[in-house]
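Visitor: I am new to protein structures. Could you show me how to read one, feature by feature?

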Amino acid sequence: MSATKPPTLVVLQLTGGNDALNTVIPYADGLYYDNRKTVRIAEADVLKIDDRFGFHPSMAAIKPFWDDGKMAIIAGVGYPNPNYSHFRSMDIWYTAEPDKISTDGWLGKVVREIDPRAENVLSAVNFGRGLPRALALSGVPVASVAQLDGYGLLTSLSSVDQRNSALEVFSSMYDDGFNDDQQVKQLKPVHVDDPMNEVLQYMGHTGLDAQKGADILATALEKYSSTVTYPGSQIAANLKGIAQVKLADLGTRVFYTSHSSFDTHASELPMHALLWKEVSEAVSAFFADLRQHDAADDVILLMWSEFSRRVKDNGAGTDHGAGGVAFVLGDPVKGGMYGEYPSLKESDLTIGNLQANNDFRSTYGTILERWLQVEAKPIVNGSFEQFAFV
């Protein structure tokens with residue numbers, strides 16, 4: 001990576017609980033086939049990466065990352081006392097707080113470290129609907145984009161001046177009710193001590209930040225040109241949007257997106273195959289696009305899921321489990337398997353689930369300190385062993 005290029009992180013959340021056993025398949029372990037009577041991948045179909053493990057056949061598009069030494073597999077990733085609720089487990093990953101409820105997102109803290117004065121409203125951009133809690137932190141602006149070419153506020157107003165005026169009015173309508181000269185404003189819908197006043201001021205400022213971000217993001221489409229063809233999936237559209245913003249050089253350091261649903265209680269075999277085909281082909285196109293523009297050397301991509309699935313299948317799918325798998329990809333990544341692939345022996349399982357052997361905050365900490373150059377401890381709430389994948 002050039003010394004002039006700040007490192008960029010892209011996070012892709014595999015929402016719903018990805019089945020680790022059918023993603024990085026221990027095809028040489030007979031216990032895999034003993035436990036997976038129905039929901040399993042035949043050895044002949046596995047994309048072998050060594051004499052023990054292989055990828056799901058739908059991951060062909062990203063297997064070259066492994067072959068080229070640019071993919072880190074984080075095996076057996078999780079946290080102590082696994083929680084099998086999607087919402088609670090996602091919150092744990094979002095906040096890096098397994099032991100208590102928190103609302104501050106780990107990536108929100110990262111953005112605050114990178115841009116402490118919030119001077120760039122596009123330091124972090126989410127592609128998808130809503131805002132993942134991983135990016136949520138008071139005072140940290142984050143643009144959340146459902147579709148780049150339609151992104152904006154008050155788009156029914158025809159001119160930029162009209163939209164800005166509307167947002168200024170919205171913001172000032174709900175402040176403390178006083179002008180700078182301490183004269184009472186004409187409009188004063190709430191009392192100065194009313195907690196709602198602060199909320200509405202926040203909404204007004206957020207609206208102005210969002211409009212500012214939308215105006216800047218609009219330039220990304222104008223600057224973008226590529227011969228890379230993306231697949232037709234939603235995750236491909238999101239990653240294309242990330243590439244467009246990245247290539248526009250708007251100062252964004254953290255990108256976020258997600259794909260779902262990996263919650264494969266039933267019909268796992270066709271669903272899981274489709275999901276990984278969409279993810280793999282989208283990720284492959286994304287990096288091809290970056291490489292075409294000589295922009296891949298400062299980007300790594302983290303893929304994670306809130307938990308894995310149970311070791312034994314249920315006949316049609318798999319239920320919530322533990323001991324998952326995460327991936328870090330990109331040209332700067334030192335490929336290999338990090339962490340230990342969990343044992344499938346009955347005596348090594350915890351209520352039928354794989355045991356995690358490395359805390360997900362080790363992966364976070366590695367990315368923070370070795371890639372983003374940010375102190376990890378206050379963000380991941382402790383000190384954890386780091387890997388050497390970057």
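Guide: We will take strands, then charges, then rings. Keep in mind that this is a predicted model.

Visitor: Let us begin with strands. What is the order of the strands in the open sheet of 3 strands?

Guide: Start with a general idea. In a regular strand the side chains alternate between the two faces of the sheet. Now the case here. The order is E2-E4-E3, and the pairing is antiparallel.

Visitor: Which strands stand at the edges?

Guide: Strand E2 (24–25) and strand E3 (47–48) do. Each has a single partner strand, so one side of each is left without a neighbour in the sheet. Look at E2 and strand E4 (residues 54–55): 2 bridges pair them. There, Ile 25 stands opposite Gly 54 in E4.

Visitor: On to charges. How many salt bridges does the structure hold?

Guide: The general idea first. Side chains of opposite charge can pair when their charged atoms come close. This structure holds 11 salt bridges. One of them joins Asp 331 to Lys 70, with the closest N and O atoms 3.5 Å apart. The two residues are 261 residues apart in the chain. Asp 331 lies in the loop between strand E10 (324–329) and strand E11 (336–338). Lys 70 lies in the loop between helix H2 (63–67) and strand E5 (71–78).

Visitor: Where do Glu 281 and Lys 277 lie?

Guide: Both are in helix H8 (residues 268–292), 4 residues apart, about one turn of the helix. Another network joins in through shared partners: Lys 70, Arg 291 and Asp 331.

Visitor: Is Glu 97 buried or exposed?

Guide: Buried, at 12% relative accessibility. Its salt-bridge partner is Lys 100. Lys 100 is exposed, at 52%.

Visitor: Last, the rings. How many aromatic pairs are there?

Guide: A pair of aromatic rings is described by the distance of the centres and the angle of the planes. The count here is 17 aromatic pairs. One aromatic cluster includes Tyr 79, Trp 93 and Phe 360. A ring can also meet a charge: the charged end of Lys 48 sits over the ring of Tyr 27, 4.8 Å from its centre.

Notes:
Residues numbered from 1 in each chain as written. Predicted model: local features only at pLDDT ≥ 70, side-chain atom pairs only at ≥ 80, totals over all residues. Heavy atoms only, no water. Phe/Tyr/Trp six-rings, centres within 6.5 Å; stacked < 30°, edge-to-face > 60°. Lys NZ or Arg CZ within 6 Å of the ring centre and 35° of its normal. Pairing = 2+ DSSP bridges. Salt bridge = Lys/Arg side-chain N within 4 Å of Asp/Glu carboxyl O. Buried < 20%, exposed > 50% of the residue type's maximum accessible area, 1.4 Å probe, protein only.
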